[in-house]
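Me: I have a model open and want to learn how to read it. Can we go feature by feature?

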Amino acid sequence: MPTFHAETLLSELQQDVNNLRAAADRYLASQPHDLLLQPPAPGKWSAIQCLEHLNGYGRFYLPAFDEAFRKFLSRKRPVPEQFRSGWLGNYFTQTMLPKDDGSLKMKMSAPKNHNPTPRLDAAQTLDEFQAQQEWMLSLLQAAKKIDIGGIRLPTTLSKLVALKAGDTFRFLIAHAQRHMLQAIRSVEMARGADVAAVNLQYLSETAR
């Protein structure tokens, strides 16, 4: 499994989150709300549904990080310089990450309890998404004083399936990158725009 310098990894993930925030502002927030709420085809998610899907995960994981970090800091444990990914966390991350050309390595269906309703408030959903990204940035900064390999967080799959904190960060941000690209495509398809050109522009802006 890959091994990372922990602080470098966390800084790179912070940049990824800043890219997500910038993409939401550039490609989504500037669009009319009725367009953001319009599915590109029957049975497909609108851009706002993509963000609400991510918000649902954030409501579960962000408080879990807060609680785990408070417990760690109260015990004053040492913080290793290196983080070694677990096999399951690395697998989840790699299956979520879009390829360099924007295509997906694996198509998957969302669990029923994370299928967003089409009846959403676009402004409220966008605001919550950006607020969650701010929270994520603060957690990534706090994590530089945390053993992200020694702490494990339960997943939405089951309390019995837990990932290292570092892998949970990697998975959540890869998941957000996947669905941000989906949200942008949804808008561009609804507008009848050149989806491929926008994909390339977005991917070039977010490449490390």
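Predicted model: local features only at pLDDT ≥ 70, side-chain atom pairs only at ≥ 80, totals over all residues.

Me: Why does a spacing of three or four places matter in an α-helix?

Reply: An α-helix has 3.6 residues a turn, so residues three or four places apart point the same way. Here, D167 and R170 form a salt bridge, with their closest N and O atoms 3.0 Å apart.

Me: Are D167 and R170 buried or exposed?

Reply: Both D167 and R170 are buried. Helix 6 as a whole is mostly covered, with 22 of its 27 residues buried.

Me: What end-to-end span should helix 6 have, and what does the model give?

Reply: Count 1.5 Å a residue: the 27 residues of helix 6 should span 39 Å. The end C-alpha atoms of helix 6 are 39 Å apart, which agrees.

Me: How many salt bridges does the structure hold?

Reply: Start with the general idea. Side chains of opposite charge can pair when their charged atoms come close. This structure holds 5 salt bridges. One of them joins K71 to E67, with the closest N and O atoms 3.4 Å apart. K71 and E67 are 4 residues apart in helix 3, so they too are separated by about one helical turn. K71 is partly exposed, at 44% relative accessibility. E67 is also partly exposed, at 40%.

Me: Which residue forms a salt bridge with R59?

Reply: E128 does, and the closest N and O atoms of the pair are 2.8 Å apart. R59 lies in helix 3 and E128 in helix 5, so this bridge ties together parts that are 69 residues apart in sequence. R59 is partly exposed, with a relative accessible area of 41%. E128 is partly exposed as well, at 23%. There is also a network: salt bridges link E52, R59 and E128.

Me: What is L140 in contact with, leaving aside its neighbours within four places in sequence?

Reply: L140 contacts L10, L13, Q14, V17, F169 and I173.

Me: Where is there a nonpolar patch on the surface?

Reply: Look at M1, W87 and Y91, which form such a patch with about 390 Å² of accessible area together. W87 belongs to helix 4. W87 counts as exposed, because its relative accessibility is 62% and the cut-off for exposed is over 50%.

Me: Zoom out. How many helices and strands are in the protein chain?

Reply: The chain has 7 helices and 4 strands. From the N terminus on, the order is β-α-α-α-β-α-α-β-β-α-α. Of the 208 residues, 48% count as buried. The chain exposes about 10,700 Å², and carbon and sulfur atoms supply 53% of that area.

Me: What share of the contacts between residues at least 6 apart in sequence join residues at least 24 apart?

Reply: The share is 82%.

Key:
Residues numbered from 1 in each chain as written. Heavy atoms only, no water. Contact = heavy atoms within 4.5 Å. Salt bridge = Lys/Arg side-chain N within 4 Å of Asp/Glu carboxyl O. Helix = DSSP H or I, 4+ residues; strand = E, 2+ residues; numbered from the N terminus. Buried < 20%, exposed > 50% of the residue type's maximum accessible area, 1.4 Å probe, protein only. Patch = residues over 30% accessible without salt bridge, like charges linked within 9 Å, V, L, I, M, F, W, Y side chains within 5 Å. Areas by Shrake-Rupley, 256 points an atom, 1.4 Å probe, with all protein chains shown as cover. Expected span 1.5 Å × (residues − 1).
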